[in-house]
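Okay, thanks everyone, I'll keep this short. Let me put the sequence and the structure up, and then we'll walk through the sheet and the helices.

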Amino acid sequence: MHVELSNVTKVYEDPPETVTALKDISFHVNEGEFLAIVGPSGCGKSTLLRMIAGLDHPSSGQIRFRGDLLTAPHSKISMVFQSFALLPWRTVLRNVEFGLEVQGKPREEREGVARNLLEMVGLRGYENLYPKQLSGGMKQRVGIARALAIDPEVVLMDEAFSAIDEFTAEALRAEVSDIHKETRKTFLLVTHNLPEAIELADRILVLSARPARVKSIVGVDLERPRASTDSEFITIHKDIFALLQAELENSIMRHRLSELKEFRRLKDMEER
Ligand SMILES: Nc1ncnc2c1ncn2[C@@H]1O[C@H](COP(=O)(O)OP(=O)(O)OP(=O)(O)O)[C@@H](O)[C@H]1O
Ligand SMILES: [Mg+2]
């Protein structure tokens, strides 16, 4: 097991509010596996990735990497963000070098690695531009190159393709799929896009509405590259869609119920 979560619960105490984002989450990712994570909006997917990245901590339960407890950012785990999160004052090249710089790698080595990766993601010739001079798709290519620069074993992606136009996103997905195939790194991708999850993942983790629990883990046993018109692809899409729709209805019902309670309470007060 490469990454393993055991009974992970996350509670945000923001007095007077207490929000339980994740409840008793247990699952694992094997080395070289591509796991997609889907679930209703606000259920705790980003929180989950941030904890694996070591940027946040579970309230209870454990996260292990190669069997060791993860409590801080790890040099073999990196993240690609939906908002790109590039450093605006650094050139493309220096953005990609950033992680290696933090690790204290010499300039020549950093630059060599960064140039190779930029070439791989199709950004040769853009090394000296600044983020504001790039399109969204190009920024995310930089985001991906930066995540790979430290030669991670695990790449976390939080809705990495959702802030770019669909054509570019499609091309980037194909690139990420190739990178996965060539490097056999472990990928965890949070997404709202079910076809994207089915196109890329070996397994899809379906989370319930908040507080998120593991609702189902769906294996995607289809040859790659995968066509969304394939009948098995469509079946998996329909199955996961049904699971999510049930969750959505559950959460709406719970919401209505709480509204109803609030309504009764007000009415009681009025009558007193
Ligand atoms: N730092 C924080 N402090 C307090 N509450 C937080 C914090 N971060 C997240 N939350 C709450 O935890 C819950 C889960 O948030 P999270 O961003 O992980 O959800 P998500 O599944 O990624 O949502 P989306 O699909 O919309 O991106 C939400 O109710 C959110 O308001
Ligand atoms: Mg999120």
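So, there's an open sheet of four strands in the order β2-β1-β4-β5, with antiparallel pairing; strands here are DSSP E runs of at least two residues, helices are H or I runs of at least four, both numbered from the N terminus, and two strands pair if DSSP finds at least two bridges between them. It's a predicted model, so to speak: local features need pLDDT of at least 70, side-chain atom pairs count only at pLDDT 80 or more, and totals for chains, interfaces and linings use all residues. Residues are numbered from 1 along each chain as written, with chains lettered from A and ligands numbered from 1 in the order written.

The edge strands are β2 and β5 (68-69), each pairing on one side only. Further in, five bridges join β1 to β4 (residues 60-65), and those two run antiparallel. Valine 3, for instance, has phenylalanine 65 in β4 as its bridge partner.

Now the helices. How do α3 and α4 pack? Helix α3 (residues 107-120) and helix α4 (residues 136-149) sit at an angle of about 135 degrees, axes 9 Å apart; axes are lines fitted to C-alpha atoms over the stretch in contact, and angles run from 0 to 180 degrees between N-to-C directions. That makes α3 oblique to α4, meaning neither under 35 (roughly parallel), over 145 (roughly antiparallel) nor 65 to 115 degrees (roughly perpendicular). Val113, Ala114, Leu117 and Leu118 of α3 meet Ala145, Leu148 and Ala149 of α4, contact being C-beta atoms, placed from the backbone, within 7 Å.

Terms used
Two residues are in contact if their C-beta atoms, placed from the backbone, lie within 7 Å.
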